[in-house]
Amino acid sequence: MNLAVADCQRRFAAARVARLATIGPHVVPVVFAVTESTVVIAIDHKPKARREVRRLTNIRANPAVSLLVDHYDDDWSTLWWVRADGDAVVVPMADDAVDLLVAKYPQYQEIRPAGPVILVRVHTWRGWAA
């Protein structure tokens, strides 16, 4: 069954992790927060191979991205997924956006993400549920 936009947004916002797809293709898991039709992602203190991670380079080259959240269970009658397609921009820091991440993830209360921040303006919500 296809999901209504409001149901897509509700399920997406409640999810704890999404997969961010940029050009390449390049897919990485990310933590995020949602405000209206914008998804907020920050580059944080967790160890990275390099400071300028590929997702930032890819977004600067082509801002079209997709984010996917899903629920899997061996009981297939409970399966669902939601995809958010949009355009991303990288900003050095966005304190209001980071506040949303801190509110959602207790791990960020001790060490706030220092950025940069990815802001995804969602154009299309699509979803499916069993």
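# Strands, helices and what is buried

Tutor: Let's start with strand 6 and strand 7: they run antiparallel and are joined by twelve bridges. One of those links pairs Trp80 with Ala129 in strand 7. Keep in mind that this is a predicted model.

Student: Why are strand 6 and strand 7 called a pair?

Tutor: Pairing asks for at least two bridges between two strands. Here there are twelve bridges, so strand 6 and strand 7 count as paired.

Student: How do you know that strand 4 and strand 7 pair?

Tutor: Five bridges join strand 4 to strand 7, and the two run antiparallel. The rule needs at least two, so these strands pair. Val40, for example, has Leu119 in strand 7 as its bridge partner.

Student: What makes strand 3 and strand 4 a pair?

Tutor: Three bridges link strand 3 and strand 4 (residues 38-42) in the antiparallel sense, and at least two are needed, so the pair qualifies. In this pair, Thr35 stands opposite Thr38 of strand 4.

Student: What is the order of the strands in the sheet?

Tutor: The sheet is open and antiparallel, and its seven strands come in the order 2-1-5-6-7-4-3. Strand 2 (26-30) and strand 3 (33-35) each have a single partner strand, so they are the edges, and one side of each has no neighbour in the sheet. On average, neighbouring strands are turned by 30° against each other, direction ignored. Helix 1 (residues 5-14) packs on this sheet, touching several strands, among them strand 1 (18-22), strand 5 (64-71) and strand 7 (117-129). The direction of helix 1 makes about 120° with that of strand 7.

Student: How many helices and strands does the protein have?

Tutor: Four helices and seven strands. From the N terminus, the elements run α-β-β-β-β-α-β-β-α-α-β.

Student: Which residues of helix 3 are buried?

Tutor: In helix 3 (residues 95-104) they are Ala97, Val98, Leu101, Val102 and Lys104. Seen down the helix axis, these buried residues fall within an arc of 165°, so they line one face. The face turned away from the buried side carries exposed residues, Asp96 and Ala103.

Student: What covers the buried residues of helix 3?

Tutor: The cover includes helix 1, strand 3, strand 4, helix 4 (107-110) and strand 7.

Student: Why is Arg55 called buried?

Tutor: Arg55 has a relative accessible area of 13%. Buried means under 20%, so Arg55 belongs in that class. You will find Arg55 in helix 2 (residues 54-61). Leaving aside residues up to four places away in sequence, Arg55 touches Leu20, Thr22, His26, Val28, Val30, Ile43 and Ile118.

Student: Why is Arg16 called partly exposed?

Tutor: The relative accessibility of Arg16 is 44%. Arg16 sits in the loop between helix 1 and strand 1. Among the residues that Arg16 touches are Phe32, Lys104 and Tyr105.

Student: What makes Glu36 an exposed residue?

Tutor: Glu36 has a relative accessible area of 73%. Exposed means over 50%, so Glu36 counts as exposed. Glu36 is in the loop between strand 3 and strand 4. Its phi is near 50°, a positive value in a residue other than glycine.

Student: Which peptide bond is cis, with omega near 5°?

Tutor: That is the bond from Gly115 to Pro116. Pro116 lies in the loop between helix 4 and strand 7. A cis bond also joins Gly24 and Pro25, with omega about -5°. Pro25 is in the loop between strand 1 and strand 2.

Student: How do you know that the radius of gyration agrees with a compact globule?

Tutor: For 130 residues, a compact globule would have a radius of gyration near 14 Å; the protein has 15 Å, which agrees. Its C-alpha trace spans about 40 × 35 × 30 Å along the principal axes.

Student: How much of the protein counts as buried?

Tutor: Of its 130 residues, 42%. The accessible surface comes to about 7,200 Å², and 56% of that belongs to carbon and sulfur atoms.

Technical notes:
Residues are numbered from 1 along each chain as its sequence is written. This is a predicted model: local features need pLDDT of at least 70, side-chain atom pairs count only at pLDDT 80 or more; totals for chains, interfaces and linings use all residues. Side-chain values use heavy atoms; hydrogens and water are left out. Axes are lines fitted to C-alpha atoms, for helices over the stretch in contact, and angles run from 0 to 180 degrees between N-to-C directions. Contact means heavy atoms within 4.5 Å. Buried means under 20% relative accessible area, exposed over 50%, partly exposed in between (1.4 Å probe, protein chains only). The arc is that of the directions from the helix axis to the C-beta atoms. The radius of gyration is taken over C-alpha atoms; the globule rule is 2.2 Å times the number of residues to the power 0.38. Accessible areas come from the Shrake-Rupley method with a 1.4 Å probe; for residues, only the protein chains shown count as cover.
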